[in-house]
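Here is a walk through one protein model.

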Amino acid sequence: MMRRSLFVLLAVSAPIVAGCSGELRELPPLDENVSLDAGTPRPDPRPDPEPEPDPMPDPDPRPDPEPDPMPDPQPGCDVAIEQDVIALANQARGEAPLRCDPEMSTVARAHSADMCERDYFDHTSLDGRSPFDRMRDAGIRFGAAGENIAWGQPTAAAVHDAWMNSSGHRRNILNGGYRRSGVGYVRCGGRPYWTQVFAD
């Protein structure tokens, strides 16, 4: 008996493996005692063969991990990985360090969570709001502001390096006119979404 498996890869935001397996059997030859016309089959003089025992089932593969539950955005500036992003930005800036703004962190986390939950990646949210709209809606006052977003970097150092190797993102990080920042990190099933907002 031969077993065959079929696996399909779908690319959405991360490869998803869907599998199905089936059993292929060789069909017995056409029974000479069965008429192919509309007639009645003749009795089979041969004894019924002994049934084959059921094969032992394959052990169940490890189940797919459950997606991370989407926690409500945490208030404040108390998430270590987010603080690491601000610390790395401050190392790159030298003087004029950024300070974490709790309201801005809440806005950044909410945008990262929205991108994860609704499966998109953009500065403009699906409801049409810009980063500046989201900050104003949260009551954050500013004269100048900016936003960096990223997807997929596993650590604060990796996302910081990616942003520093992109001229527009680097410009936001090094802009001495920005004095406040908030970072939103959402794990999103192991493919993190990052948002960092800046304001004067």
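A disulfide is counted here when two cysteine sulfur atoms lie within 2.5 Å. The model is predicted. By this rule, Cys-116 and Cys-188 form a disulfide, with their sulfur atoms 2.1 Å apart. The pair links distant parts of the chain. Cys-116 sits in helix 2 (residues 102-118). Cys-188 sits in the loop between strand 5 (180-186) and strand 6, 72 residues apart from its partner. The torsion about the S-S bond is 90°, and the link of Cys-116 and Cys-188 is right-handed. Both Cys-116 and Cys-188 are buried.

The count comes to two disulfides. Cys-77 and Cys-100 form a disulfide too, their sulfur atoms 2.0 Å apart. Cys-77 lies in the loop between strand 2 (15-24) and helix 1, and Cys-100 in strand 3 (residues 99-100), so this pair ties together parts 23 residues apart in sequence. The torsion about the S-S bond of Cys-77 and Cys-100 is about -90°, so this disulfide is left-handed. Cys-77 is partly exposed, at 25% relative accessibility. Cys-100 is buried, at 17%. In sequence order, the bonded cysteines pair 1-2, 3-4.

Now the core. The largest nonpolar core has 15 residues. Among those with the most contacts inside it are Val-85, Leu-98, Val-159 and Trp-194. Helix 1 (80-93), helix 4 (156-164) and strand 6 (193-199) each give two or more residues to this core. Helix 4 supplies the largest share, four residues.

What does Leu-98 touch, beyond residues up to four places away in sequence? Its contacts include Ile-86, Ala-89, Tyr-178, Gln-196 and Phe-198.

Definitions and conventions
Residues are numbered from 1 along each chain as its sequence is written. This is a predicted model: local features need pLDDT of at least 70, side-chain atom pairs count only at pLDDT 80 or more; totals for chains, interfaces and linings use all residues. Side-chain values use heavy atoms; hydrogens and water are left out. A nonpolar core is a set of buried Ala, Val, Leu, Ile, Met, Phe, Trp, Tyr and Cys residues joined through side-chain atoms within 4.5 Å. Buried means under 20% relative accessible area, exposed over 50%, partly exposed in between (1.4 Å probe, protein chains only). Contact means heavy atoms within 4.5 Å.
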